[in-house]
Amino acid sequence: MLATRIRRWKSVALATAAVLVGLTAPALTATPAAATTTAYDSTYYKNAVGKTGTSLKSSLHTIISSQTKISYSAVWNALKVTDQDPNNSSNVILLYSGVSRSKSLNGGDVGDWNREHTWAKSHGDFGEVTGPGTDLHHLRACDVQVNSTRGNLDFDNGGSTVTNGGGSLVDSDSFQPRAADRGDVARMILYMAVRYEGDDGFADLEPNEKVGNGSNPYMGKLSVLKAWNEADPPSAFEENRNQVIYDTYQHNRNPFIDHPEWVEAIW
Ligand SMILES: [Ca+2]
Ligand SMILES: [Ca+2]
């Protein structure tokens, strides 16, 4: 069952209506994206709602750290469910390219899809042992060659066209997903930053303003990821994915899919 989520435009409309009937004064300065409400606010997120900054990040860390973990080998079959093409149950949708490909073509050869670590596993060197390296919230089905092109690059705007990349761009130090995947990538990266705080034997993952982070536990560029979160709000595919991970596999949620405005509230 999908979370009931009142989208941003509706919150804005309600706020505007309140202004029109004189209930609230119009804001005179720029404000972050209007708050969303979800079916989980009074339950799953009850200790986070209303907070901002480090207080919000800390509360969310506690909430989402309660999870079931799966092995790297189990990720294959999980992705066949989480990343299923809503229009063809035999296929998965591939990150970055948007291609729909047979679930049975998982593997390592040209034309196969494999397991992309959106937060590159070398950034913090967490590998494929059970933990951040197997966390479904940032693992996605991806074309083998496109995955290789992305490699461990940081995210930024610009570059030249990625072959069969759906409009994604790459240069020597960064990768830009196709437009429809930019917000997804931002929310996956920032989930990882909140989930992994260095208290469970793995590195404290954090976004920063750099590219070329190498094996440091950082991922850039934060300002670009924030812009992508705004430009590409959560889609039905992304919301369903979050729900399937919550219901079936890990029993934790990506807060930034439920509340994209929490990106600005923290960063
Ligand atoms: Ca999207
Ligand atoms: Ca962190």
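Over residues 6-31 of this predicted model, pLDDT stays under 50, and for that stretch the model has 17 contacts beyond four places in sequence. Where pLDDT is low, the predicted coordinates should not be read in detail. Helix α1, which covers residues 8-20, has the lowest confidence in the protein, with a mean of 42, whereas the highest confidence, 99, belongs to helix α5, residues 179-195. Taken over the protein, the mean pLDDT is 91, and 87% of the residues reach 70 or more.

| Element | Residues | Mean pLDDT |
|---|---|---|
| Helix α1 | residues 8-20 | 42 |
| Helix α5 | residues 179-195 | 99 |

As to the fold, the secondary structure of the protein consists of nine helices and 13 strands. The protein has 267 residues, of which 40% count as buried, and among its contacts with a separation of 6 or more, 60% are made by residues 24 or more positions apart.

One element of this fold is an open sheet of four strands, in which the order is β8-β11-β10-β9 and the pairing is mixed. Strands β8 (154-155) and β9 (160-161) stand at the edges of the sheet, and because each has a single partner strand, one side of each is left without a neighbour there. For β8, pairing with strand β11, residues 174-176, is parallel and rests on two bridges; within this pair, D154 stands opposite S174 of β11.

Notes:
Residues numbered from 1 in each chain as written. Chains lettered and ligands numbered in written order. Predicted model: local features only at pLDDT ≥ 70, side-chain atom pairs only at ≥ 80, totals over all residues. Buried ≥ 20, exposed ≤ 12 C-beta atoms within 10 Å, placed from the backbone. Contact = placed C-beta atoms within 7 Å. pLDDT = per-residue confidence, 0-100. Pairing = 2+ DSSP bridges.
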